[in-house]
Amino acid sequence: MIGLFQQRRQRHLREMAKYLRLVFNDFFVFALLFFLGGLGLGYSNVLKQLTTGLWWAPLVALVVLAITAQVGRFATLIEDADRVFLLPKERAMHDYFVVARRYSQWLAQATQLILLFILTPFLRVTLDWSLAQVAGLVVTQVLLKDTLLRLDLASAYQVTGQRRMNHWTVKWGVSLIILAVALWLTPYVAIGLSLVADIAVIVWFQQHWEHQQIRWREQIAIEDNRMLGIYRFFNLFTDVPMVKGTIRRRRYLDGLLRRIPVRHDKTYLYLYSRGMLRGTEFSGLVVRLTVIGMLLLAFIQGQWLPVVLTALFIYLIGFQLLPFFQQYDDIVFTHVYPLTWDQRLGSFVTLVTGILTTTAILLWLVVVAVNHNLVTAGITLVVAAVEVGYLARIYTPQRLKRAAKNKG
Amino acid sequence: MALTVSHVVGGYSQIPVLKDISFDVRDGELVGLIGLNGAGKSTTINHIIGLLTPHKGEITINGVTIAQDSQAYKQQIAYIPETPVLYQELTLREHLEMTMMAYDLDQEKAWVTAHELLKTFRLDNKLDWFPANFSKGMKQKVMIVCAFLTQAKLFIIDEPFLGLDPLAVNDLLNLIEQRKQRGASILMSTHVLDTAQRYCDRFVLLHSGQVETEGTLSELQAALPEAGESLNDIYLSMTKVDRA
């Protein structure tokens, strides 16, 4: 069982390494350095203005530390098929889970330490703490995180009835009490408290796990959720096949969707528009890029820069929409319905035109609001209109036709 | 002749799965496509619905090939896949509307048919749900409702009985019978041989990419007199040749 976990860990780490290489590309590292530098500078400026004895300082520390304590989840790396294939090995899974928890400690505790390192100057200034006191808090925090992970481990088992050991109220309650003692009383007492909590969970778990069943379905769901979160993050930077996006009903958009006539030649528009608005994958992309573009434009004034940026964002969005054309290719009815490829292309062009026009108008409104300059507003409008027309009505069909031809 | 498959050689890659297959389905006829896993049933169906192009041979539906007029060809087919295939983002109502749009059906008339079908399959209170979250059997029912909503001349049904409750199986067979009487043809692949024996007019027995035999039950019995009475026996004797 330990071997199984090690094997999975290796595969998992290899996969993560693959994606991390893609995430930390040169541009991103560059941007990140700037961002961190700016943040560091801002933090040091704030620190200079702080004095000892501010009433809200321990409160801030409490919130930050309690949130941090929840970061770093129990990574079990279990898979859906396990509940069938490993069911006969249920008792042996205990070793697996113990190793998995140990593995989860690395990232979780590293996060705690980094955050405490960042928080140290704040604590020293506002609470006038000695280094020994900070060290005490570090020990408390690490022990606390250890306890929380143990609660997660215990929850892998069917603990009496429906109660769960790692219910958020329990986790937050324990964190807040121990950290409050550390911040308002003394960290040394908090060490003792967290130690007691940790040992209590250890003893309780030792006595109970052998009489409990593993909550396979819940654990698998939790692990899937955890992995989905990771993949979603990677998906911001690169294409992750595991992220399918989710579907939301979005009833409030029905009025808009109802405006598409139920007619033979609009069949694909009917499908594409619903797919676009209810799926999170592509609509999320469009919304994210539009919002980023609007925020950026809100801070930029000048004659030409707003025009260039508007054009750039319209291009980025238009370009990213292309793969949506193939969204339904693996649904057999896309090929079985008595509809032609040209009808489908026509509908797609209509959809892209609609989306890009909306985006362009939003970006343009920001440009107008920020610049109060008729010339810039006029140029942006013309450039955006031409670009939307070209992208949607000429470039998109050309690209898709060529792609279809290459496929045969 | 509703469907004619003549001398079709084909498959997913250059290596042919189907080796010179010929059979036909006449107007108002229910033909059972019978064969083991991997015999080529689904490949045959994929060729008929136009997902695959034959290397050789020709498939016509009422005289039209897909190359001549793909829209006229596809307009005549309604297809029920073995595993339900649904649009994740569409509700049940929208699936029905999508089918009406795709087949260019008259909305009002189609909805009358739709409500009858929905009632039969006990889906009438689920119009605003996403069928993608339904159980396997209910998804299958959605597929059936969508297919029988059309006025297709040829129904292609791939293994319809698995996952359906007995009531739904019965309702489906009634629907098939009803459409047959209106002159529609049905090609149905299945493993449920006793049902096939009772309802199909003729059988096409596929084995490793070839048509082993075809005909009515009595024709099959005459061709393989030592095999036994039922379709099951005939089918088993046919496969035994290969195993021996």
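This is a predicted model: local features need pLDDT of at least 70, side-chain atom pairs count only at pLDDT 80 or more; totals for chains, interfaces and linings use all residues.
Residues are numbered from 1 along each chain as its sequence is written, chains are lettered from A in the order in which they are written, and side-chain values use heavy atoms, with hydrogens and water left out.

**View 1. The contact between chain A and chain B.** Chain A brings 29 residues and chain B brings 27; contact means heavy atoms within 4.5 Å. The size of an interface is often given as the accessible area lost when the parts come together. Here the two chains bury about 2,800 Å² between them, 66% of it on carbon and sulfur atoms. Buried area is the accessible area (1.4 Å probe) that two parts lose on being put together, summed over both. On the chain A side, V336(A), Y337(A) and P338(A) lose the most area to chain B, together 22% of what that side buries. Three salt bridges join the chains. In one, the side chains of R278(A) and E94(B) meet at 2.6 Å, N to O. A salt bridge is a side-chain nitrogen of Lys or Arg within 4 Å of a carboxyl oxygen of Asp or Glu.

**View 2. Two domains of chain B.** Domain 1 spans 1-76 + 152-167 + 182-244, and domain 2 spans 86-150. These bounds come from an automatic or database domain assignment. The domain centres, taken over C-alpha atoms, are 26 Å apart. In chain B, 12 residues of domain 1 are in contact with 10 residues of domain 2. The two domains bury about 840 Å² between them, 55% of it on carbon and sulfur atoms. In domain 1, Q75(B), F155(B) and L164(B) lose the most area to domain 2, together 46% of what that side buries. The count between the domains is two salt bridges.

**View 3. T359(A) in helix α15 of chain A.** The helix covers residues 341-371. Helices (H or I, at least four residues) are DSSP runs, numbered from the N terminus. T359(A) has a relative accessible area of 3%, so T359(A) is buried. Buried means under 20%, exposed over 50%, partly exposed in between (1.4 Å probe, protein chains only). Beyond its neighbours within four places in sequence, T359(A) is in contact with V286(A), T290(A) and I317(A).

**View 4. I67(A) in helix α3 of chain A.** I67(A) counts as partly exposed because its relative accessibility is 45%.

Technical notes. Helices (H or I, at least four residues) and strands (E, at least two) are DSSP runs, numbered from the N terminus.
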